[in-house]
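Here is a colleague's note for someone meeting this structure for the first time. Please read the points below with the sequence and the model side by side.

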Amino acid sequence: MAIVDDTASTLVDLQRDAAAPNIVKFQLNAAQVFIVNQNWDGLEAYLAEFFAEIQGKKFFFHPGLFCSLYQAQISDLIGKKLFVEARAVFDEKVEPLLDQVKDDLYKPFDLEDRVGMLRHYVNICLPPPADEVEDMHVVLSDYMMLYFPTSLLGEVNRTNSISDFVMTFNDEKGKHHRCLACQWVMPVSATSMSIVHHIKHSKQVNQCRRVTKWMLGYLAYVNGEKEVDIQGMTASSMTQSRKRKALSPPLTPPILDQQSVVIPVELALQIYSDLCTNNLLALSALKNDNTLWAAEAKEILLRQEKVISELKGLFVSSMQKHAPLGSTLAFMKIRTLCDLSDDLFTLLKNLPNVSELLLKQDNKVNELRRCFMVAAAERLPPTAPADKGRAGAGSTSPSTSSESISSKLRPLGPV
Ligand SMILES: [Zn+2]
């Protein structure tokens with residue numbers, strides 16, 4: 001992942017800002033009152049005010065932190081069966097986080113995945129599973145410690161070492177280090193190299209899913225200095241007194257490459273077109289059916305219709321930018337379509353008149369997903385020596401590799 005040139009200058013500016021005499025304080029206690037009272041709107045307003053004050057003209061949106069906040073809010077609303085309100089938070093606040101591409105200095109690596117995950121749970125009206133639940137107290141204080149340490153600790157300079165990326169804490173099992181970005185807990189014996197691997201994703205295990213461009217820039221900056229061995233790190237008295245609860249290591253989801261894959265355009269658009277038509281035909285066939293089963297199926301088809309429309313927007317946008325259609329975000333939308341299709345499973349036997357259309361819909365969703373999967377398998381590993389013809393196809397020309405990919409797409413069988 002390349003570091004943009006302006007990252008280093010921004011880092012210097014941020015450090016200069018942090019050294020300014022009027023330090024903006026983050027009132028952790030006030031924020032924690034909002035969390036305890038589940039006053040998410042209040043916390044959102046407080047954070048917006050804090051960022052405006054501490055950043056001044058250099059305003060960044062910090063979408064990762066707000067995504068965590070909205071996730072907590074959505075989980076609460078779904079838990080209270082306020083499904084309409086949960087969807088409104090998703091539509092009005094979570095989805096727009098993906099549009100803030102200009103200010104991507106603090107955009108976490110997993111933002112698209114998290115938005116996709118939240119969309120899924122809003123769609124099925126269930127709160128995110130336990131392994132996705134975050135402790136907002138920890139997320140918030142870790143975030144401030146990583147990006148705005150002086151707002152918590154006063155006039156404390158960064159150590160300009162790898163220790164700026166972690167905090168050390170004690171619990172009943174002993175001493176541990178925790179990544180301030182993703183809350184991955186590592187043994188006290190972990191070396192600074194393992195943190196570097198974690199941040200840079202240079203090993204397959206324990207990759208930091210919340211890594212940002214800022215972190216990579218700062219890592220490059222501190223790597224030019226003498227590194228402190230992480231085993232020698234000690235927690236400051238203030239961090240110990242906070243007694244933050246240690247989180248178990250978050251499960252690492254399959255991390256999607258941020259780059260697009262080159263899907264065969266004509267085939268994908270034909271499948272997309274069939275999917276669109278089929279969705280309308282199924283809705284039309286159900287319109288006079290007043291059974292509970294039909295109502296549920298219609299609800300699912302309408303949600304699919306919304307995702308299908310969003311997918312069209314992504315395809316059109318890619319075409320305008322002369323970029324491959326197979327973006328990670330488009331794939332996430334297809335995964336949502338697959339999940340929604342799975343929800344038809346228990347309804348099919350009760351809807352004999354439209355079951356054929358619903359099965360066809362499921363088939364089209366899977367065909368589209370398979371386009372992406374096969375294209376992803378076709379991609380050269382980034383470190384492999386580039387074969388000129390294929391490298392060209394992988395960058396800007398979406399149609400040249402269609403033939404080889406199409407040949408790998410096998411029919412899924414008759415419907
Ligand atoms: Zn991490």
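This is a predicted model: local features need pLDDT of at least 70, side-chain atom pairs count only at pLDDT 80 or more; totals for chains, interfaces and linings use all residues.

**Notes on the model**

1. Residues are numbered from 1 along each chain as its sequence is written.

2. The protein chain has 17 helices and three strands, these being DSSP runs numbered from the N terminus (H or I of at least four residues for helices, E of at least two for strands). Of the 415 residues in the protein chain, 34% are buried. Among contacts with a separation of 6 or more, 75% join residues 24 or more positions apart, a contact being two residues whose C-beta atoms, placed from the backbone, lie within 7 Å.

3. H4 has 17 residues and reaches 24 Å from its first C-alpha to its last, close to the expected 24 Å, where the expected span is 1.5 Å times one less than the number of residues. Because 14 of its 17 residues are buried, H4 is largely enclosed by the rest of the structure. Just after H4, Lys81 takes a positive phi of about 60°.

4. Two other residues also deserve a look for their backbone angles. Most residues other than glycine have a negative phi. Gln38, however, has a positive phi near 50°; it sits in the loop between helix H2 (28-36) and helix H3 (40-55) and is partly exposed, with 17 other C-beta atoms within 10 Å. Cys125 has a positive phi near 60°, lies in the loop between H6 and helix H7 (136-147), and counts as exposed with 11 C-beta neighbours inside 10 Å.

5. The axes of helix H5 (residues 83-94) and helix H6 (residues 111-123) come within 10 Å and cross at roughly 155°, where axes are lines fitted to C-alpha atoms, for helices over the stretch in contact, and angles run from 0 to 180 degrees between N-to-C directions. H5 and H6 are therefore roughly antiparallel to each other, a term used for angles over 145 degrees. Ala86, Arg87, Phe90 and Val94 of H5 meet Val115, Leu118, Arg119 and Val122 of H6.

6. The axes of H13 and helix H14 (residues 328-342) likewise come within 10 Å, crossing at roughly 165°, which makes H13 roughly antiparallel to H14. Residues making the contact include Ile300, Val307 and Leu314 of H13 and Leu329, Thr336 and Leu340 of H14.

7. Helix H12 (residues 265-286) has 22 residues and reaches 31 Å from its first C-alpha to its last, close to the 32 Å expected. Its buried residues are Ala268, Ile271, Tyr272, Leu275, Asn278, Asn279, Ala282 and Leu286. They cover an arc of only 130° around the axis, which puts them on the same side of H12; the arc is that of the directions from the helix axis to the C-beta atoms. The face turned away from this buried side carries the exposed residues Glu266, Ser273, Thr277 and Ser284, while what covers the buried residues of H12 includes helix H13 (292-320) and helix H15 (355-378).

Conventions
A residue is buried if 20 or more other C-beta atoms lie within 10 Å of its own, exposed if 12 or fewer, and partly exposed in between; C-beta atoms are placed from the backbone. Angles under 35 degrees count as roughly parallel, over 145 as roughly antiparallel, 65 to 115 as roughly perpendicular and the rest as oblique.
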